[in-house]
Amino acid sequence: MRRLFPVTDETAAPDSGGMPGEDGRGGAGREWSLAELAAAYAYPRAGSGGPVPWLRANMVSTLDGAAQHDGRSQPISSATDMRIFGTLRALADVVVVGAQTVRQEGYRPARARAEFAETREAAGQGPAPAIAVVSASLDLDFSLPLFTSPLVPTLILTGASAAPDRLAAAEKAGARVVTAGDGIGVDPARAVQALAGLGHTRLLTEGGPRLLGQLVAAGVLDELCLTVSPMLTAGDAQRIAGGPAVAVPQSFRLLSVLEEDGFLFTRYGRS
Ligand SMILES: NC(=O)c1ccc[n+]([C@@H]2O[C@H](COP(=O)([O-])OP(=O)(O)OC[C@H]3O[C@@H](n4cnc5c(N)ncnc54)[C@H](OP(=O)(O)O)[C@@H]3O)[C@@H](O)[C@H]2O)c1
């Protein structure tokens with residue numbers, strides 16, 4: 001993998017070892033260790049006032065803006081994308097995800113990764129991030145391992161008027177229900193505050209697009225880790241963020257770009 005931005009010695013100086021691509025990994029490219037990736041994607045350090053929530057999204061898009069193919073993101077992803085996906089999870093306290101992505105992608109509990117055990121412990125984190133499912137209907141299969149056998153209890157973010165029988169089913173399965181809205185739905189800003197109240201300040205969302213669109217509209221997204229996949233799919237797939245447009249486009253600034261096999265791994269922060 002190569003770092004394209006910010007410009008480093010690696011990218012500013014001409015390759016000493018042959019033409020780009022000669023080694024099959026982009027010339028100057030080499031496989032980054034997980035520790036290097038974790039350092040490149042570290043959450044901002046807590047200030048003197050203590051940790052404040054930082055919400056990062058990790059999404060993948062094709063060149064023509066598709067966020068899925070055949071209803072899944074896997075066909076537009078790559079092995080390195082999954083490596084970064086795993087690293088971002090390993091850095092997070094909690095992974096916030098929309099119920100439709102859970103249903104469609106067959107979400108399982110996050111794994112404990114031996115490679116990250118020490119750093120998670122040093123950061124005061126449990127062995128794996130909790131998964132927090134955002135749902136109004138609670139139309140979820142609570143017999144799945146995501147709810148019955150996670151390493152840390154799965155959270156359900158929902159509104160105050162969620163159906164009592166579904167709430168009871170969630171809790172019976174072992175999930176922890178967090179109310180973050182007065183009506184049927186979740187208010188994104190309240191969800192962030194509720195998670196912070198549970199000690200989860202390193203927040204990662206994996207979408208999907210309908211959830212991400214609401215996080216954008218509510219102005220609570222601090223960072224976007226966007227993988228640009230060198231593929232074209234045409235069709236009518238969703239973009240990475242859906243729902244009503246914001247009144248004024250929100251500006252983000254480029255923080256870094258990594259590249260491997262034509263995939264760009266970008267990181268943008270709110271301006
Ligand atoms: N390219 C990528 O990086 C990426 C990432 C993730 C997913 N995807 C793809 O995106 C597709 C699924 O995404 P999606 O946009 O259709 O759905 P989604 O955002 O994953 O989930 C939508 C569901 O989340 C719940 N929800 C969202 N906002 C809510 C709120 N404010 N309050 C309460 N519940 C709320 C609702 O669940 P209930 O219906 O249960 O009420 C809603 O139906 C899949 O094809 C997946 O493969 C792509």
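These legends go with several views of a predicted model.

Figure 1. Laid along its principal axes, the C-alpha trace spans about 65 × 45 × 35 Å. Buried residues account for 38% of the 271 residues. If you take the contacts between residues at least 6 apart in sequence, 69% of them join residues at least 24 apart.

**Figure 2. The open sheet of 10 strands, with mixed pairing.** Reading across, the strand order is E1-E9-E10-E8-E2-E7-E3-E4-E5-E6. Strand E1 (2-5) and strand E6 (176-179) sit at the edges with a single partner strand each, so one side of each has no neighbour in the sheet. On average, neighbouring strands here are turned by 25° against each other, direction ignored.

**Figure 3. Zooming in on strands E2 and E7, which run parallel.** As a bit of background, strands of a sheet pair through backbone hydrogen bonds, and they do this either parallel or antiparallel. Here, four bridges join E2 (residues 54-62) to E7 (residues 202-205). One spot to look for is Trp54, which stands opposite Arg202 in E7.

**Figure 4. Helix H3, residues 79-91.** This helix has 13 residues and reaches 19 Å from its first C-alpha to its last, close to the 18 Å expected at 1.5 Å a residue. As for burial, the buried residues of H3 are Thr80, Asp81, Ile84, Thr87, Leu88, Arg89, Ala90 and Leu91.

**Figure 5. Ala217, a residue of helix H9.** Ala217 has 17 C-beta neighbours inside 10 Å, so it counts as partly exposed; the buried label would take 20 or more. Leaving aside residues up to four places away in sequence, Ala217 touches Gly243, Pro244 and Val246. For a sense of distance, Ala217 and Gly50 are 167 residues apart in sequence and 27 Å apart in space, C-alpha to C-alpha.

Conventions:
Residues are numbered from 1 along each chain as its sequence is written. This is a predicted model: local features need pLDDT of at least 70, side-chain atom pairs count only at pLDDT 80 or more; totals for chains, interfaces and linings use all residues. A residue is buried if 20 or more other C-beta atoms lie within 10 Å of its own, exposed if 12 or fewer, and partly exposed in between; C-beta atoms are placed from the backbone. Two residues are in contact if their C-beta atoms, placed from the backbone, lie within 7 Å. Helices (H or I, at least four residues) and strands (E, at least two) are DSSP runs, numbered from the N terminus. The expected span of a helix is 1.5 Å times one less than its number of residues. Two strands pair if DSSP finds at least two bridges between them. Axes are lines fitted to C-alpha atoms, for helices over the stretch in contact, and angles run from 0 to 180 degrees between N-to-C directions.
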